[in-house]
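Please keep the structure open while reading the numbered points below, and look up each named part as it comes along.

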Amino acid sequence: MKKNTSIFYYERITNVMEIVGVCIVLLFAFLMQFVFKELPCPLCLLQRFGFLAIAFGLLLNLRFGFRPSHYSITLLSAIFTGFVAMRQIALHVIPGTGAYGSAILGLHLYTWSLIIAVLIIISISILLGVDRQYLEKAHKKKAWEYIVHALFAVMVFLTVANIVSIIFECGFKQCPDNPTHYILYYR
Amino acid sequence: MLILISFIVFLLALMSAWFGKRDKAMIVFTISLILSTLSFIHHMTNTIGLSL
């Protein structure tokens, strides 16, 4: 018997993979922050926000079923992340102006951020065009619900971790453009 | 400060979606995206009277 749900299966898997990818990006940012002592600048924080927002749209797809409005959230967030990354690249593109943070595989984190944002824009634009996924209601299988709740829990954890990090880094005032220490630590 | 507020509002949107309130989540998310866009614009222009 032919299963007509297989196409939905691949789209769900694609959504989950993109969310996991975003989580890896954010965990890597924390690794750079805590292990290599590279504090995030305001633009870096905005890029982190953009990645969280990208995952938010995909999570809505998994929780409430596939809808173009959820993909539009992801697209808008990816465009936002790309713009912020481009702004940061523009700040350092002139020779002699230096760079922020260390390079990974020859590229700085904000350059990787732009590349990932563009890849997400392309992949979501393709996914958005697959009409059949919109016929399906939210998946109600128990095992699937556990996966969705686990993804939500990870995203909430990453968001709270970012909030705590920002409070320690900036306090309750303007974040410094070039942070060197945690303000709440060294008062 | 505006970045911090954006993250907190985003957390509210995430929690709303987790608890099944889709419409509320979409509205709250839109507010957080507007706030973060404002802080980005402020960073680029330094003309709006909001602090990062």
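1. In this predicted model, the two chains meet through 24 residues of chain B, which are in contact with 31 residues of chain A. On the chain B side, helix H1 (2–18) and helix H2 (22–45) each supply at least two of the touching residues, and H1(B) gives the largest share, namely 12 residues. If the residues on this side of chain B are sorted by class, 17 are nonpolar, 6 are polar and 1 is charged.

2. One helix pair that spans the two chains is H3(A) with H2(B), whose axes come within 12 Å and cross at roughly 15 degrees. Angles under 35 degrees count as roughly parallel, and H3(A) and H2(B) are therefore roughly parallel to each other. Their crossing is left-handed.

3. The contact between these two helices is made by A:Ile73, A:Leu76, A:Phe80, A:Val84 and A:Arg87 of H3(A), together with B:Phe29, B:Leu33, B:Thr37, B:Phe40 and B:Met44 of H2(B). In terms of class, 8 of the contact residues are nonpolar, 1 is polar and 1 is charged.

4. Within chain A, helix H2 (residues 42–64) packs with helix H3 (residues 68–92) at an angle of about 165 degrees, and their axes are 8 Å apart. Since angles over 145 degrees count as roughly antiparallel, H2(A) and H3(A) are therefore described as roughly antiparallel to each other. The crossing of H2(A) and H3(A) is left-handed.

5. Among the residues that make the contact of H2(A) with H3(A) are A:Leu43, A:Gly50, A:Phe51, A:Ile54 and A:Leu58 of H2(A), and, from H3(A), residues including A:Tyr71, A:Thr74, A:Ser77, A:Phe80, A:Val84 and A:Arg87. By class, this contact has 14 nonpolar, 9 polar and 1 charged residues.

6. Is H2(A) mostly covered or mostly uncovered? This helix is mostly covered, as 22 of its 23 residues are buried. From its first C-alpha to its last, H2(A) reaches 33 Å, close to the 33 Å expected at 1.5 Å a residue. The helix is followed by A:Gly65, whose phi is positive, near 95 degrees.

Note on methods:
Residues numbered from 1 in each chain as written. Chains lettered and ligands numbered in written order. Predicted model: local features only at pLDDT ≥ 70, side-chain atom pairs only at ≥ 80, totals over all residues. Axes fitted to C-alpha atoms, helices over the stretch in contact; angles between N-to-C directions. Helix = DSSP H or I, 4+ residues; strand = E, 2+ residues; numbered from the N terminus. Parallel < 35°, antiparallel > 145°, perpendicular 65-115°, else oblique. Left-handed = near helix turned anticlockwise from the far one by under 90°. Contact = placed C-beta atoms within 7 Å. Nonpolar A, V, L, I, M, F, W, Y, C, P; charged D, E, K, R; others polar. Expected span 1.5 Å × (residues − 1). Buried ≥ 20, exposed ≤ 12 C-beta atoms within 10 Å, placed from the backbone.
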